[in-house]
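Me: I'm new to reading protein structures. Could you walk me through one, a feature at a time?

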Amino acid sequence: MELIKELRTSRFSSHGIEHQSGVPILEVKDISVKYDSGVVLEDISFHLHAGERVAVVGPNGAGKSTLFKVVAGVLHATSGEVKVYGHGPTGHICIAYIPQRSQVDWSFPVNVADVVMMGRIGKLGFFQWPRRRDWELVHQALADVGLESLSKRQIDELSGGQQQRMFIARALAQEAELMLMDEPLTGVDATSQEAIFTILDTLRQRGVTVMIATHDLEQAAGMFDRVMLLNRRMLGFGEPAQVFTPALLRDAYSGHLRLVEAGNEVLALTDTCCEDREDR
């Protein structure tokens, strides 16, 4: 039950950590993660600035989810360092991690407003009752994502797009400055995707930094400031035209990618987007 597990394992402090000025919102240095089964991430380094929107792309098993969990402070790296505003990730209340929908127990009996209120726990501390101001922020967050009328609806009654907007509302109620969204667009129809990007445009105006794991290369190229091409190692990080080259895409996707020439363009067709398993 991801919703309950998240509450039990939260590393957020009710006081938060003072941010250093003049430093990147996120700085990752030489991160590696190893399990008994092998290396999941190897020597990952990059940094982000406030307001950026970055897509993390790569095949299933590339380590996208693991990277997000390390940045959020819910998983320890084997080696390397993560800094959020100059400090380690543990204890920050400015980081919102939105897991894959497949990792959430949607049958758990909780309504939309209660899930969004979970975003206030870092401010409240555990076992503290929400105050009027907290509920005001929850309802404002729901209004911002167009779900205010569904605040009392059970979460299993929501569509895929509504579920993602609920999690964004939780991040808004949390007053997050860094959002890590693990495949929020998978299984979501085009209209809902458009609504999510409209919300993300608003977040950019507020200076919120967003990292999104996605399998959609075309969307990553057209809708994001920078892209990261990941397959255990970081194969490229920068503007899409610099990263989505035939050579780097072949390195990332190996036999799961076909490159098709279409006029002056090269189209990348991958068959990894629909596999039903968690991307570690």
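This is a predicted model: local features need pLDDT of at least 70, side-chain atom pairs count only at pLDDT 80 or more; totals for chains, interfaces and linings use all residues.

Me: Okay, how many helices and strands does the protein have?
Reply: There are 10 helices and 11 strands in the protein. Of its 280 residues, 49% are buried.

Me: Let's do sheets. How do strands hold on to each other?
Reply: The general idea is that strands of a sheet pair through backbone hydrogen bonds, and the pairing can be parallel or antiparallel. Here you can look at an open sheet of 3 strands, ordered E2-E1-E4, with antiparallel pairing. Strand E2 (38-48) and strand E4 (79-84) are its edge strands, each pairing on one side only. From one strand to the next, the twist averages 20 degrees.

Me: How many bridges join E1 to E4?
Reply: Strand E1 (residues 26-35) and E4 run antiparallel and are joined by 5 bridges. To find your way, look for valine 28, which stands opposite valine 82 in E4.

Me: What packs on that sheet?
Reply: Helix H2 (residues 64-72) does, touching E1, E2 and E4. The direction of H2 makes about 120 degrees with that of E1.

Me: Which way do side chains point in a strand?
Reply: In a regular strand they alternate between the two faces of the sheet.

Me: Which strands does E3 pair with?
Reply: One is strand E7 (residues 209-214), which runs parallel to E3 and is joined to it by 5 bridges. In that pair, alanine 55 stands opposite isoleucine 212 of E7. Another is strand E8 (residues 226-231), paired with E3 in the parallel sense over 4 bridges. There, valine 57 has leucine 229 in E8 as its bridge partner.

Me: Now helices. How do I read the packing of H5 and H6?
Reply: Start with the angle and the distance. Helix H5 (residues 132-144) and helix H6 (residues 160-173) pack at about 140 degrees, and their axes are 8 Å apart. That angle makes H5 oblique to H6, because roughly antiparallel would need an angle over 145 degrees. As for handedness, the crossing of H5 and H6 is right-handed.

Me: Which residues meet there?
Reply: From H5 you have Leu137, Val138, Ala141, Leu142 and Asp144, and they meet Ala169, Leu172 and Ala173 of H6. Sorted by class, this contact has 7 nonpolar residues, no polar ones and 1 charged residue.

Me: Last one: which residues have a positive phi without being a glycine?
Reply: Two to look at are glutamate 175, with a phi of about 60 degrees, and glutamate 183, with a phi of about 55 degrees. Glutamate 175 is in the loop between H6 and strand E6 (178-182), while glutamate 183 is in the loop between E6 and helix H7 (190-205).

Me: Are those two glutamates buried or exposed?
Reply: Buried means under 20% relative accessible area. Glutamate 183 has 10%, so it is buried. Glutamate 175 has 38% relative accessibility, so it counts as partly exposed.

Key. Residues are numbered from 1 along each chain as its sequence is written. Side-chain values use heavy atoms; hydrogens and water are left out. Axes are lines fitted to C-alpha atoms, for helices over the stretch in contact, and angles run from 0 to 180 degrees between N-to-C directions. Helices (H or I, at least four residues) and strands (E, at least two) are DSSP runs, numbered from the N terminus. Angles under 35 degrees count as roughly parallel, over 145 as roughly antiparallel, 65 to 115 as roughly perpendicular and the rest as oblique. A crossing is left-handed if the near helix is turned anticlockwise from the far one by less than a right angle, and right-handed if clockwise. Contact means heavy atoms within 4.5 Å. Ala, Val, Leu, Ile, Met, Phe, Trp, Tyr, Cys and Pro count as nonpolar, Asp, Glu, Lys and Arg as charged, and the others, Gly among them, as polar. Two strands pair if DSSP finds at least two bridges between them. Buried means under 20% relative accessible area, exposed over 50%, partly exposed in between (1.4 Å probe, protein chains only).
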